[in-house]
Amino acid sequence: MNKKNILFILASFFIIQAGWSQKSFPNLESGKNSINFKGDPKNATDRKSLAFSDKGAWFGFGFLEPSEIQAGFSGPFLMTEQNGVWLSSSFVSLQLKDENKQEIINWKNSLVAQNSYNSHLEQQFKNEKLEVKQQLVFLSGHSALQKTAITNKTAKPLTIFPSYNATLFLDDLQLSNENNVLKITSAKSIAVGYIQFLKTKSEIEISKQGYQAQTEKLVLKPNETKEIIVSQSFIFPQYSWKTENETIQKTVFNTLLNNTQKEKEKQLSQLIAKKKTIYKDQIYSDLIAKLALTLQTNTRIAAEGLKHGGLFPSYNYEWFHGFWAWDSWKHAVAVSNYDSELAKNQMRALFDYQEPNGFIPDCIYRNNDLEENNYRNTKAPLAAWAIWKIYEKTKDINFLKEFYPKLKLYHNWWYKERDHDQDGLCEFGSTDGTVIAAKWESGMDNAVRFDESKILKNGEKAYSLDQESVDLNSFLFAEKNFLSKMASRL
């Protein structure tokens, strides 16, 4: 075989490979930009824009609006800090200058695209000299990696001087330079931040308003591409920063991104394969991708008072950064379709706070200095249903063994503390004797059906509304059936 034929075969192979790689994640493509992460945070508590996160991280990122664009992603939005605040409009924002200290690319005039996927964020810039592609993917619940690939489009070598800078929104943070790692500590959080410019020497200067970091110059030959990778970590002290940093140092960005894409593609493929026939249209596959991403961005690993991982109802609202009882039961059933361990831990998170008499609090939080756990009421009893649904997916008999006695205790609690006349029909109520907390217990809050309700005392910290609710007793009847099924299995 002559050289010409070999070159033709190789060229054909690479063309096929390029085409295949673009189509190798069709479900990720169908979920592209399903949630709008664009925005321009004006201050720490600006909640007009959303943040992308993954792996249970307590922080997230987005895209800056084209009119305010920088070569960096918006954020991070820190849920480690207060009840969710923006650290900066873009804390890791890149500048590229030439040998004359002139900007070599105007980001606002050169923006090509901004795209979000369930796996990662990416944005591209291009002018007559450079093509710049940035990608951000989560390594873990503690760290995200941001890669910037810079390509010289000219016929001459280019020397580029990259630097990063940011202005902080928060005045309760302390920045320090520890062995060329930018460390972030807060007076309002025990989590610690670490920003690292990987595989390059950096000179970091700290100011009252923020920081500036100069990294090594890049010399690019014509058509040559070089990469800069920055890690952003925010980690609680219950986890090992030493271990996390060791993982960061040995991680290959492209491998991480590819593995994450494969993982998300597989997840979506399995979920889409379970669609009922009536949902065969592509629009429902796109919806599944959006639903999965919504659950993903609301997922948090265990931290402080939350002893197991689980899901927020919403990270974007300024309050209620924690787990709620019947929300958690529903979340657990949903995520059991693709992450059985997360589903199990979501159930454990609330039962970690079960009281000796069987009571489950309404909601629990990471930091009780910000928000106190609510023991004034519980929520409608859907826990046995959730446990059984998880068991149906996993067939984990040990999981049933773990929860069956806890569920029985919770079930029996209703009849001891929420059945005023002991006739076997229960009422919603409260532990503090207030009508408002009793309404909350129903999950329907100030619904009109409770307008004329009065509170009745059953015992110490045990009160009922004067209404035997049909929904509550239907739930309890269903619970008996699920408990019966569990008893048979056990």
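**Close-up 1. The lining of the largest pocket, sorted by residue type.** In this predicted model, the residues that line the largest pocket divide into 10 nonpolar, 2 polar and 3 charged, where Ala, Val, Leu, Ile, Met, Phe, Trp, Tyr, Cys and Pro count as nonpolar, Asp, Glu, Lys and Arg as charged, and the others, Gly among them, as polar. The pocket holds about 510 Å³ of space, and of its 15 lining residues the closest to its centre are Leu271, Lys275, Ile288, Leu291 and Asn337. Helix α6 (residues 282-297) gives the largest share of this lining, 7 residues. A pocket is an open set of points on a 1 Å grid over the protein atoms alone, where a 1.4 Å probe fits, with protein on both sides within 12 Å along at least five of seven lines, and lining residues have an atom within 4 Å of a point. Grid points are joined across faces, edges and corners, and the volume is the space filled by probe spheres set on the points.

**Close-up 2. Strand β9 and its two partners.** Strand β9 (residues 143-152) pairs in the antiparallel sense with β8 (residues 130-138) over 9 bridges, and also with β17 (residues 225-235) in the antiparallel sense over 9 bridges; two strands pair if DSSP finds at least two bridges between them. Phe138 stands opposite Ala144 of β9, while Ala149 has Glu227 of β17 as its bridge partner. In β9, 10 of its 10 residues are buried, meaning under 20% relative accessible area with a 1.4 Å probe and protein chains only, whereas exposed means over 50%. Strands (E, at least two residues) and helices (H or I, at least four) are DSSP runs, numbered from the N terminus.

Close-up 3. His142 counts as buried because its relative accessibility is 11%. Leaving aside residues up to four places away in sequence, His142 touches several residues, including Phe59, Phe234, Tyr239 and Glu244, with contact meaning heavy atoms within 4.5 Å.

Close-up 4. In α4 (residues 241-250), Trp241, Glu244 and Ile248 are buried. These residues lie on the same side of α4 because they cover an arc of only 65° around the axis, taken from the directions from the helix axis to the C-beta atoms. On the other side of α4, Lys242 and Lys250 are exposed. The buried residues of α4 pack against β9, β13 (189-198) and β17.

**Notes.** Residues are numbered from 1 along each chain as its sequence is written, and side-chain values use heavy atoms, with hydrogens and water left out. For this predicted model, local features need pLDDT of at least 70 and side-chain atom pairs count only at pLDDT 80 or more, while totals for chains, interfaces and linings use all residues.
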